[in-house]
Amino acid sequence: MAPLPEREAVGTLLRHVLELLDGDVAKVYAELDLADYRPRYSPVVRALLASGPVPIRDLARAVGVTHSAASQTVAQMNRAGLVDLTPGTDARQRLVGLTPKAHDLLPVITAEWSATTAAMRTLDTELSIPLVDLLTEITTALTRRPFRQRIADAGLPTPPSPHPRDHDDLA
């Protein structure tokens, strides 16, 4: 097992936790003969099952990711034959919908999602606070007061302002 990142490297530690979780879910997919399926696809599949075909912008909002992240995931899913892209109401809009292949995989995907959810509940019993509660609390705190502001408040020196004489040549 790789050593843990140092405690102060919070971003590295968060990525490490995500790699541990997603890496093992990806192993489950491979064992289920779904080697082309990625953990990031399940929230998209679930959102499309709930809403039917939607524009990428709406899908991003439903899944809770940026438009760019949703677009990248949709492109990967399209290459894997899991989603189709069709023209929307205007030329700029593309609707994302599940393909018959994705619908055929739903029993396996649904069973994996249920097992993963149950496994997460067992992990939560080993933690001082359920992971989803902690992540929600962090998100709320950072929405209320962004990390950039916290860095500035911690005493990061502000960049020097241009010296007034630096602009004399522009007059």
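## How to read the model

Because this is a predicted model, local features need pLDDT of at least 70 and side-chain atom pairs count only at pLDDT 80 or more, while totals for chains, interfaces and linings use all residues. Residues are numbered from 1 along each chain as its sequence is written, and side-chain values use heavy atoms, with hydrogens and water left out.

The score pLDDT is the predictor's confidence in each residue, from 0 to 100. The chain has a mean pLDDT of 89, with 90% of its residues reaching 70 or more. Helices here are DSSP runs of H or I with at least four residues, numbered from the N terminus.

## A nonpolar patch on the surface

Which residues form the nonpolar patch on the surface? They are Val-10, Leu-14, Leu-134, Leu-135, Ile-138, Leu-142, Phe-147, Ile-151 and Leu-156, and together they have about 760 Å² of accessible area. Accessible areas come from the Shrake-Rupley method with a 1.4 Å probe, and for residues only the protein chains shown count as cover. To join such a patch, a residue needs over 30% relative accessible area and no salt bridge; nonpolar side chains (Val, Leu, Ile, Met, Phe, Trp, Tyr) are joined within 5 Å, whereas like charges are joined within 9 Å.

Helices H1 (10-31), H6 (131-144) and H7 (147-153) each supply at least two residues of the patch. The largest share, four residues, comes from H6. Phe-147 lies in H7 and, with a relative accessible area of 54%, is exposed.

## Salt bridges

Side chains of opposite charge can pair when their charged atoms come close. A salt bridge is a side-chain nitrogen of Lys or Arg within 4 Å of a carboxyl oxygen of Asp or Glu. How many does a search of the whole structure find? The search finds five salt bridges.

One of them pairs Asp-24 with Lys-27, with the closest N and O atoms 3.5 Å apart. Both residues lie in helix H1, three residues apart, about one turn of the helix. Asp-24 counts as partly exposed because its relative accessibility is 44%, and Lys-27 counts as exposed at 52%. Another salt bridge joins Asp-90 and Arg-92 (3.6 Å, N to O). Asp-90 is partly exposed at 32%, while Arg-92 is exposed at 76%.

## A buried charge and a helix end

Asp-124, in helix H5 (residues 100-125), is buried yet has no salt bridge. Which side chain of opposite charge is nearest to Asp-124? That is Arg-121, 7.7 Å away; Lys and Arg count as positive and Asp and Glu as negative, while His and the chain ends are not counted. Leaving aside neighbours within four places in sequence, Asp-124 is in contact (heavy atoms within 4.5 Å) with Pro-130 and Leu-131.

In helix H2 (residues 41-51), the buried residues are Tyr-41, Ser-42, Val-44, Val-45, Ala-47 and Leu-48. Just after H2, Gly-52 takes a positive phi of about 80°.

Conventions
Buried < 20%, exposed > 50% of the residue type's maximum accessible area, 1.4 Å probe, protein only.
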